[in-house]
Amino acid sequence: MGILIAPAILAAGMLAGCGGQDSAGGSASDSGQDSAGAGSSAEESADAGAESSAEEQEGGDAQAEDNTQGGDQLAKILEAGKIVIGTEGTYSPNSYHDDSGKLVGFDVEVGEKIAEKLGVEAEFFEAEWDSLFSSMDAGRIDTVINEVEYSDERALKYDFSQPYTYIHGALMVKGDNEEIKTFEDLDGKKAAQNLTSSWGKMAEGYGAELVSVDAVAQTVDLLLTGRADATLNVETAFSDYLKKNPDADVKVVALTEDASSSLVPVKKGNEELLKAINEAIDELRASGELKELSEKYFGMDVTSQE
């Protein structure tokens, strides 16, 4: 996704391994104490420990099997009657709150329409961008629909749907900045970015020093006050900001040659869920609904490669 955004909820990191470590440590300690007593107690403890280990292994195998069966995740969603979607809620025009406080946006409506195609309701879980994937890892949400892009690092843990947008990246600077005109000019400059976003990594790749931000408005403020020299994001995010703030003293000076794509991630092993999401995207594209949503929120069609 692009750079920005949202109300704080979780920190991050994988939630794993704690139970197993406690169990192993406890068994060793208990066995030692029983051994210091009677021999029969030690034998009983060993038998109990072996039985417990076997049960834990069986439970672990069952959990692993459950996690790798894609049909199970889809079945759980269908049984619950809802798909829980992670989103930021402060990233206009993809995911934000309108004047009435309602959660709206391009990705929000895409999520709702995918849910409709699956025959379930869409329930949204709002959190900061940095914590959305850890929420999916922990099982709090089923997916993230928030301008998620592919990366080799993410592909180690997630499978991705087909693209539903094709958007170019943009380089923005202050209106009177004449030093930065290309991405290569970022070398040695300060770029206002979300530190874990793909755009932040791209800016670093061009030699920029990152200044942490969480929203487009904050980014522009850093540019205007000279605390940052430039920022990278999707063209649609900047276009939306400038549409709402036409007098802002900033400008877009370059676009990437290649377009980036928004994808729907699912935890690895959920082939049935991924298939259902891809079929939903196919139907939305064929019906023209994706195009309509794009024009509604971006003022242009970014759902086609043409």
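**Reading exposure, pairing and backbone**

Me: What relative accessible area does Glu 123 have?
Reply: Glu 123 has 35%, so the residue counts as partly exposed. The scale runs from buried (under 20% relative accessible area) through partly exposed to exposed (over 50%), with a 1.4 Å probe and protein chains only. This is a predicted model: local features need pLDDT of at least 70, side-chain atom pairs need pLDDT 80 or more, and totals for chains, interfaces and linings use all residues. Residues are numbered from 1 along each chain as its sequence is written, and side-chain values use heavy atoms, leaving out hydrogens and water.

Me: How many of the chain's residues, as a percentage, count as buried?
Reply: The protein chain has 306 residues, and 42% of them are buried. The chain exposes about 15,000 Å², of which carbon and sulfur atoms supply 47%. Those areas come from the Shrake-Rupley method.

Me: How many helices and strands does the secondary structure hold?
Reply: There are 11 helices and 12 strands. Both are DSSP runs, numbered from the N terminus: helices are H or I with at least four residues, strands are E with at least two.

Me: Which residue forms a salt bridge with Glu 123?
Reply: Start with the general idea. Opposite charges on side chains can pair when the charged atoms come close. The cut-off here is a side-chain nitrogen of Lys or Arg within 4 Å of a carboxyl oxygen of Asp or Glu. The partner of Glu 123 is Lys 82, with 3.0 Å between the closest N and O atoms. Lys 82 is partly exposed, at 32%.

Me: How many salt bridges does a search of the whole structure find?
Reply: The search finds 12. Another of them joins Lys 157 and Asp 137, at 2.8 Å from N to O. Lys 157 lies in the loop between α6 (152-155) and β6 (158-160), and Asp 137 in helix α5 (residues 129-137), so this pair ties together parts 20 residues apart in sequence. Lys 157 is partly exposed, at 34%, whereas Asp 137 is buried, at 16%.

Me: What separates Asp 240 and Lys 244 within helix α9?
Reply: First the helix rule. With 3.6 residues a turn, an α-helix points residues three or four places apart the same way. Now the case: Asp 240 and Lys 244 are 4 residues apart in helix α9, about one helical turn. Their side chains meet in a salt bridge of 3.4 Å, N to O. Asp 240 is buried, with 6% relative accessible area, and Lys 244 is partly exposed, with 48%. Elsewhere, salt bridges that share partners join Lys 113, Lys 117, Glu 283 and Glu 289 into one network.

Me: Which other residues of α9 are buried, and what covers them?
Reply: Helix α9 spans residues 235-244, and Glu 235, Thr 236, Ala 237, Phe 238 and Tyr 241 are among its buried residues. The cover includes β7 (165-174), α8 (216-224), β10 (230-234), β11 (250-262) and α11 (289-298).

Me: Where is a patch of negative charge on the surface, and which residues gather in it?
Reply: Glu 271, Glu 272, Glu 279 and Asp 282 form the patch. A charge patch takes residues with over 30% relative accessible area and no salt bridge, joining like charges within 9 Å. Asp 282 belongs to helix α10 (residues 271-287) and is partly exposed at 42%.

Me: Which peptide bond is cis, and which residue has a positive phi?
Reply: The general idea is simple. Most peptide bonds are trans, and most residues other than glycine have a negative phi. Here a cis bond joins Ser 92 and Pro 93, with omega about 5°. Pro 93 is in the loop between β1 and β2 (96-97). Glu 147 is not a glycine, but has a positive phi of about 50°. The loop between β5 (143-144) and α6 holds Glu 147, which is buried at 2%.

Me: Which residues is Gly 81 in contact with, leaving aside neighbours within four places in sequence?
Reply: Contact means heavy atoms within 4.5 Å. On that basis Gly 81 touches Val 120 and Glu 121. Gly 81 lies in the loop between α3 (70-80) and β1 and is partly exposed, at 29%. The C-alpha atoms of Gly 81 and Leu 118 are 9.4 Å apart, across 37 residues of chain. For the protein chain, among contacts between residues at least 6 apart in sequence, 72% join residues at least 24 apart.

How values were computed
Patch = residues over 30% accessible without salt bridge, like charges linked within 9 Å, V, L, I, M, F, W, Y side chains within 5 Å. Areas by Shrake-Rupley, 256 points an atom, 1.4 Å probe, with all protein chains shown as cover. Lys, Arg positive; Asp, Glu negative; His and termini not counted. Charge placed at Lys NZ, Arg CZ, Asp CG, Glu CD.
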